[in-house]
Amino acid sequence: LLQQILCCSESSTGQEINTSPTTHTHTHTHTLLQEYNHKLKQTISECYCTIRSNELFDIIADYPDSLPSVIDLNLALCQAQKVSTIVHALKQAFRKRLLHPGAQSGQILQVYMNTIKVMRVFDPSDCLLDTVAEDVRAYLRGRSDTVRCIITSLTDDESESDLYEELQRHDAVPLDQAQYD
């Protein structure tokens, strides 16, 4: 739906809006309509980003089922330039809902892997991921059962983690080229 709102120039009846300028008045009207359309898209995108920023933790936890929401949010982020709002809300949600002794390391790792996938939709360069995930990485380094949980997810056939599949990807970075924290 958001894609239709942000990408289409059709009226609600499905007819294209006739914006061909024929006189000076029409040219001025056409320019005003374009400015209004741009401002409307900007406002809708900003509202969408603000609303979804509070839901981003759940969107990440539900990934890949939430991929359509991720794509819509990416579209809105490109239009609204509200990345700082998303980063702040997600870091706050991580601290509140994930980075505490009651959360299991396996769950933290799963959310972390989903975070990697979602952030790569928003920013393939991983700059956004580095900012968002720094607290999660530090927290996992401090947990005594992190290594055991990773090894278990790699070796246990009944594990519901997709860590093994992530490590087997064809586009995975070789160890000699990897950057370590």
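When I say two residues touch, I mean heavy atoms within 4.5 Å. Keep in mind that this is a predicted model.

Let's start with a loop. Pro101 sits between helix H5, residues 83-97, and helix H6, residues 105-122. Is Pro101 buried or exposed? Its relative accessibility is 76%, and the cut-off for exposed is over 50%, so Pro101 counts as exposed. Which residues does Pro101 touch, leaving out those up to four places away in sequence? Tyr139 and Arg143. Take Arg143. Along the chain, Arg143 is 42 residues from Pro101, and their C-alpha atoms are 8.9 Å apart.

Now the inside. The largest nonpolar core has 35 residues. Those with the most contacts inside it are Leu56, Leu73, Phe94, Met119 and Phe122. Which helices each supply at least two residues of this core? H2, H3, H4, H5, H6 and H7. H6 gives the most, with 8 residues.

Look at Met119 in detail. Again leaving out residues up to four places away in sequence, Met119 touches Leu56, Ile60, Leu90, Leu128, Leu129 and Val132.

Next, the rings. The structure holds 1 aromatic pair. The partners are Phe57 and Phe94, with ring centres 6.0 Å apart. Why edge-to-face? Because the planes stand at 75°, and the cut-off is over 60 degrees. This pair links distant parts of the chain: Phe57 is in helix H3, Phe94 is in helix H5, and 37 residues separate them. Both Phe57 and Phe94 are buried. Phe94 we have met already, among the core residues with the most contacts.

Definitions and conventions:
Residues are numbered from 1 along each chain as its sequence is written. This is a predicted model: local features need pLDDT of at least 70, side-chain atom pairs count only at pLDDT 80 or more; totals for chains, interfaces and linings use all residues. Side-chain values use heavy atoms; hydrogens and water are left out. Helices (H or I, at least four residues) and strands (E, at least two) are DSSP runs, numbered from the N terminus. Buried means under 20% relative accessible area, exposed over 50%, partly exposed in between (1.4 Å probe, protein chains only). Rings of Phe, Tyr and Trp (its six-membered ring) pair if their centres lie within 6.5 Å; planes under 30 degrees apart count as stacked, over 60 as edge-to-face and the rest as tilted. A nonpolar core is a set of buried Ala, Val, Leu, Ile, Met, Phe, Trp, Tyr and Cys residues joined through side-chain atoms within 4.5 Å.
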